[in-house]
Amino acid sequence: MIEVENLLKKYGELVAIKGLSFNVEKGKIWGLLGPNAAGKTTTMRILTGYLPATDGRASVAGFDVFKEANALKKTIGYLPETLPLYPEMTVYSFLDFVAEIKQTPPSRRREAVEKVIETSGLKEVRGRLIKNISRGFKQRVGIAQSLINDPQVLILDEPTIGLDPAQIIEIRKLIKSLKGERTILLSTHILAEMTQTCDGAVIINEGNLMASGSLAELTLELRKYLRKTTSSPSSGAKERTSGMSSPGSSWTRNWD
Amino acid sequence: MKNIWAICKKEVKTYFTSPIAYVLITVFLVLVGFFFYSLVWWFNNYSFQAARDPAYLQQLNINQMVFSPLFHNISIILLLTIPLLTMRLFAEEKKRQTDELLYTSPISVGQIIIGKYAASLFVLLVMLLLTGILSIFTFAYGNPEFVPILNGYLGLFLMGAAFIAVGIFFSSLTENQVVAAMLTFGALLLFWILNWAAGSASGMWQDVLNYLSFFQHFDDLTRGILDTTDIVYYASFSFFGLFLTHSVIQSRRWR
């Protein structure tokens, strides 16, 4: 569903992504994992048609990201890292506006908005101004807007950032419930997040691909790697468990 | 077309659900009303003198003595108001990063620009229509000519539209609204008085500077004359402003 081949992105002199390639199968939740400034947001911005890539190819839901941008934008949903919300609008009117610019036919707009309000659990705040609702609800509005065109592919950039633990669990539940037919790519810098919600992962660091595959494949590979580098298997196992439970970046660096 | 309508509707709603439109329109109307009152008062005095001295009677013309200077004053107020109307259009989207939503929707940059342009035109139209109430008084108590007044309003609208295009362009350059407003004001004022420089230029440059100056085109319309060259001038000014905006937004994404 998501195919990326040798993707390269330069911002002037700075190389943000250095030839990234990976595939995500239909109906799976995949994590894009990496420390801050690894190129996660840039990758997602390219996949959603917000930024053009310097070189390489990418297709999402069968549409070429560069050549068929308009068709692509109709079939995907995207939650940017900074929530794109208009504080002076009500939750309902904002979702209605998003439905309109995503070209939902007028006859089905109300239905589409009601549906995402239902699935995202926004019933109690539907008539309130976005500036007056809590951070957790704002995050839900962000997810709701990405769902409005019933997308085949959902791209979520740090969907749980800035939330308290209880809210994180709720959002994770919500994301899992969205799976079904959909393909979801979500970015995170927290390892635990990936192991709990995702079926597979793409791990990147400083714009380079470190590893990609299903969780089972990645665990297997990690075991092999640890067996090779550590003499005693018991200490290897210990390192693995501690690595898996601690958030992020140090673990990713082991793949260098 | 539907996309343009969606953007336009949202922007108009934003103008009218926040204090922006109300404050701008109210202050604008208070100022215009004050100018109108002063001009009518002065015209009244003049009429009394004319009643005593027939020589004055020749010059007594409400179109020239009230509406012509009134349109002049309105245009100056627009010069100060429109930068404040347009400053948020793109700068605010960029600052809040809501532009990411717009640019990842199946809607073109051109449609976004035209939608926002149309929304500001609507606010401008409301402002001008409300000042129309003033001219009703002159029709009730005097007998001004209707066509020059209509032409004057049309000219003001076209000029305001050109101002808005310039404002949108500067709003797309920055994420800071004050910067956008100040640059717009500076550029508009400079174009307003560009004909001053024509005095020191010679030959072709003199014509070019005169043609580019707002003031030159504006003189006609305060007298109620609307020439096709003026219409072409304002229309091309608007087009050029919006075209530059499009280029700025596109090039920024490709950088």
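Predicted model: local features only at pLDDT ≥ 70, side-chain atom pairs only at ≥ 80, totals over all residues.
Visitor: Which residues of helix 5 of chain B are buried?

Guide: In helix 5 (residues 88–96) of chain B, they are Arg88(B), Leu89(B), Phe90(B), Ala91(B), Glu92(B) and Glu93(B). The word has a cut-off: buried means under 20% relative accessible area, exposed over 50%, and partly exposed in between (1.4 Å probe, protein chains only).

Visitor: Why is Ser75(B) called buried?

Guide: Its relative accessible area is 0%, which is under 20%, so Ser75(B) counts as buried. This residue sits in helix 4 (residues 62–86) of chain B.

Visitor: What does Ser75(B) touch?

Guide: Leaving aside residues up to four places away in sequence, Ser75(B) touches Leu156(B), Met159(B), Phe163(B), Trp192(B) and Phe218(B). A contact means heavy atoms within 4.5 Å. Phe218(B) is itself one of the buried residues of helix 12 (residues 214–222) of chain B, along with Phe214(B), His217(B), Asp220(B), Leu221(B) and Thr222(B).

Visitor: What covers the buried residues of helix 12 of chain B?

Guide: The cover includes helix 4, helix 8 (146–173), helix 9 (177–192), helix 11 (204–212) and helix 13 (228–254) of chain B. Just after helix 12, Gly224(B) has a positive phi of about 85 degrees.

Visitor: And Tyr37(B), is that buried or exposed?

Guide: Its relative accessibility is 55%, which is over 50%, so Tyr37(B) is exposed. Tyr37(B) belongs to helix 2 (residues 19–52) of chain B. From C-alpha to C-alpha, Tyr37(B) and Ala181(B) are 29 Å apart in space, and they are 144 residues apart in sequence.

Visitor: How many helices and strands does chain B have?

Guide: Chain B has 13 helices and 0 strands. Its C-alpha trace spans about 70 × 50 × 30 Å along the principal axes, and 50% of its 255 residues are buried. Among contacts in chain B with a separation of 6 or more, 75% join residues 24 or more positions apart.

Visitor: How many positive and negative side chains are there in chain B?

Guide: There are 14 positive and 13 negative ones, and the centres of the two sets lie 14 Å apart. Lys and Arg count as positive and Asp and Glu as negative, without His and the chain ends. The place of each charge is NZ of Lys, CZ of Arg, CG of Asp or CD of Glu.

Visitor: How much area do chain B and chain A bury between them?

Guide: About 2,600 Å², with 57% of it on carbon and sulfur atoms. Buried area is the accessible area (1.4 Å probe) lost when two parts are put together, summed over both. On the chain B side, Glu100(B), Leu101(B) and Pro106(B) lose the most area to chain A, together 27% of what that side buries. The contact takes in 25 residues of chain B and 31 residues of chain A.

Visitor: What makes Ala61(A) and Glu206(A) worth a stop?

Guide: Ala61(A) is not a glycine, yet it has a positive phi of about 55 degrees. Glu206(A), also a residue other than glycine, has a positive phi near 50 degrees. Ala61(A) is in the loop between strand 4 (55–60) and strand 5 (63–64) of chain A, while Glu206(A) is in the loop between strand 9 (200–205) and strand 10 (208–214) of chain A.

Visitor: What is the relative accessible area of Ala61(A), and of Glu206(A)?

Guide: Ala61(A) has 13%, under 20%, so it is buried. Glu206(A) has 53%, over 50%, so it is exposed.

Visitor: Where in chain A is confidence lowest?

Guide: In helix 10 (residues 249–253) of chain A, at a mean of 42, whereas helix 3 (residues 91–101) of chain A has the highest, at 94. These values are pLDDT, the predictor's confidence in each residue, from 0 to 100. The mean for chain A is 84, and chain B averages 89.

Methods. Residues numbered from 1 in each chain as written. Chains lettered and ligands numbered in written order. Heavy atoms only, no water. Helix = DSSP H or I, 4+ residues; strand = E, 2+ residues; numbered from the N terminus.
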